[in-house]
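I am opening a page for this model and will write down what I look up, entry by entry.

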Amino acid sequence: HRRRQARVPSVRFDPLALDRWKSSPKSLWEIGRDYERFIGYNYETLGYDVTFTGAIHGFEDMGRDLIARRGPELRVIQCKYWSKKKTIHEKHIFQLFGSTLEYAFRLGQFDDLKQLSFFGGSIKTTGAKAVLYTSTNISDVAKDAAKKLEVECNENVGMSDYPLVKCNIAMRDGAKIYHLPFDKQYDRTKIIPANGEKYVYTVAEAEKAGFRRAWKWRPD
């Protein structure tokens, strides 16, 4: 009979897995996804309910990487983590503007293009605001177009270290569960600080606060 291998406690195994994930080489898509996660984290800490559409839907996100809601506020956010050699041009502003309008149509906030004044705050009228974050520069022409279309632009925004472990409380039964950035449900898991949920830096912090590893953590 072969001996049954003892399960290594998560507090010992998970930190090693997290460290390996942090140091492993990543594809351009994965780097872009991590940038979206970083921007989304910052919105969540401000009390926004964030949907990580880019990470969930991939290239089918229609240029909407994040959808952030807080009360009546709705932010349609595009994130571009690019080399400093590249520049954001007006076509990217137009794409984000159009995608935000399409999303407003999808929500049923207006039914007829006649309701829109394309150069008079149309996105503001729908209740949705287009927001761009990029790690590089935005051209002057693009900035001018963004000003006219009321697209908020944030340039030269890099990534910095932040807590990656998501500590979530299940609505169904109140179970306290933590998710690591390579777990199956990580990007679908929302963190709402007002509900007692939070991000922490280490597995030890999560387990000390009473959170356990998600059972279904393996990716498909």
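I began with C153, which is partly exposed because its relative accessible area is 28%, where buried means under 20%, exposed over 50% and partly exposed in between, with a 1.4 Å probe and protein chains only. I then looked for disulfides, taken as pairs of cysteine sulfur atoms within 2.5 Å, and the structure holds 0 of them.

Before going further I noted that the model is predicted, that local features need pLDDT of at least 70 and side-chain atom pairs count only at pLDDT 80 or more, while totals for chains, interfaces and linings use all residues. Residues are numbered from 1 along each chain as its sequence is written, and side-chain values use heavy atoms, with hydrogens and water left out.

**Entry: around P193.** From C167 I went to P193, which is 26 residues away in sequence and 9.8 Å away in space, C-alpha to C-alpha. I found P193 in the loop between strand 9 (176-179) and strand 10 (198-200), strands being DSSP runs of E of at least two residues and helices runs of H or I of at least four, both numbered from the N terminus. P193 counts as partly exposed because its relative accessibility is 43%.

Entry: Strand 9 and strand 11 run parallel and are joined by 2 bridges, and I noted R213 in strand 11 as the bridge partner of Y178.

**Entry: strand 3.** Strand 3 (residues 73-80) is mostly covered, with 7 of its 8 residues buried. It pairs in the antiparallel sense with strand 2 (residues 66-70) over 5 bridges, and in the parallel sense with strand 5 (residues 128-134) over 7 bridges. R75 turned up in both pairings, as the bridge partner of A68 and as a residue whose partner in strand 5 is K129. The hairpin of strand 2 and strand 3 has 2 residues between the strands, and there G71 takes a positive phi near 60°.

**Entry: helix 6.** Which residues of helix 6 (residues 140-149) are buried? I listed A142, A145, A146 and L149, which lie on the same side of helix 6 because they cover an arc of only 100° around the axis, the arc being that of the directions from the helix axis to the C-beta atoms. On the other side of helix 6, D140 and K147 are exposed. E150 follows helix 6 with a positive phi, near 60°.

**Entry: the largest pocket.** Helix 2 (28-45) and strand 3 each supply at least two lining residues, and helix 2 gives the most, with 6.

Key. Pairing = 2+ DSSP bridges.
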